[in-house]
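Here's a quick briefing to read alongside the sequence and the model. Have both open as you go through the points below.

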Amino acid sequence: MGVDRFQAVLQSLVGAMAANLRMQPGQRLVDLACGTGGAGMLLARALAVYVTGVGVSATALRLAAGRVPEFLLPARRAQFVWGSLARTGLSDRYADGLICVDALGFKRDRRKTFEPARRV
């Protein structure tokens, strides 16, 4: 059995994010532009937190929700909702931590793009 290079890189990235997030068990993490949810669910499991993935693709959100058991998370600890970087649909101060793994690289003004998420 070979090593999946993407998984190895993702796990390394998740380790660095976990150390920098400094979250406590039971807190809420938001994964913006979550895709199929991998990074957020790995962090949720590692940190014993709840994760809310936010994404624009209904297909990816369905896939993410279906993958929750693969990450050995109870269903109540992971949810996936439609939203964008600018309009998450989440209330103010909803989260204790926030990640955005890939999406900001495609934006010209990252600071301006990410500003609406700060209220979350």
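Predicted model: local features only at pLDDT ≥ 70, side-chain atom pairs only at ≥ 80, totals over all residues.

Residues are numbered from 1 along each chain as its sequence is written, and side-chain values use heavy atoms, with hydrogens and water left out.

- Cysteine 34 counts as buried, at 8% relative accessibility; buried means under 20% relative accessible area, exposed over 50% and partly exposed in between, using a 1.4 Å probe and protein chains only.
- Cysteine 100 counts as buried too, at 18% relative accessibility.

**Overall layout**

- The protein has four helices and four strands, which are DSSP runs numbered from the N terminus (helices are H or I, at least four residues; strands are E, at least two).
- Reading from the N terminus, the elements go α-β-α-β-α-β-β-α.
- Of the protein's 120 residues, 41% count as buried.
- Take the contacts (heavy atoms within 4.5 Å) between residues at least 6 apart in sequence: 67% of them join residues at least 24 apart.

**The sheet**

- Four strands make an open sheet in the order S3-S2-S1-S4, with parallel pairing; two strands pair if DSSP finds at least two bridges between them.
- S3 and strand S4 (97-99) are at the edges with a single partner strand each, so one side of each has no neighbour in the sheet.
- On average, neighbouring strands of this sheet are turned by 20° against each other, direction ignored. Axes for such angles are lines fitted to C-alpha atoms, for helices over the stretch in contact, and angles run from 0 to 180 degrees between N-to-C directions.
- Strand S1 (residues 28-32) runs parallel to S2 and is joined to it by five bridges; valine 30 has threonine 52 as its bridge partner in S2.
- S2 and S3 also pair in the parallel sense, over five bridges. Threonine 52 has glutamine 79 as its bridge partner in S3, and valine 54 stands opposite valine 81 in S3.
- Strand S2 (residues 50-55) is mostly covered, with five of its six residues buried.

**Helices against the sheet**

- The chain goes from S1 through H2 to S2, a right-handed β-α-β crossover. Right-handed means that, with the strands pointing away from the viewer, the path from the first strand over the helix to the second runs clockwise.
- S2, H3 and S3 make a right-handed β-α-β unit, and H3 lies across S2 and S3, running at about 175° to S3.
- Helix H2 (residues 38-47) is mostly covered: eight of its ten residues are buried, among them Met41, Leu42, Leu43 and Leu47.
- Just after H2, alanine 48 takes a positive phi of about 60°.

**Nonpolar cores**

- Which residues touch the most other members of the largest nonpolar core? Leu29, Leu43 and Phe80 do, in a core of 23 residues. A nonpolar core is a set of buried Ala, Val, Leu, Ile, Met, Phe, Trp, Tyr and Cys residues joined through side-chain atoms within 4.5 Å.
- H2 gives the largest share of the residues in this core, six.
- Leaving aside neighbours within four places in sequence, leucine 29 is in contact with a list of residues including Leu21, Leu43, Val51 and Ile99.
- A second, separate core has ten residues, including Val30, Leu32, Ala95 and Ala103.

**Valine 68, a buried loop residue**

- Valine 68 lies in the loop between H3 and S3, and is buried with a relative accessible area of 6%.
- Residues up to four places away in sequence aside, valine 68 touches Met41, Leu73, Pro74, Ala75, Ala78 and Phe80.
- The C-alpha atoms of valine 68 and alanine 78 are 7.0 Å apart, although the two residues are ten residues apart along the chain.
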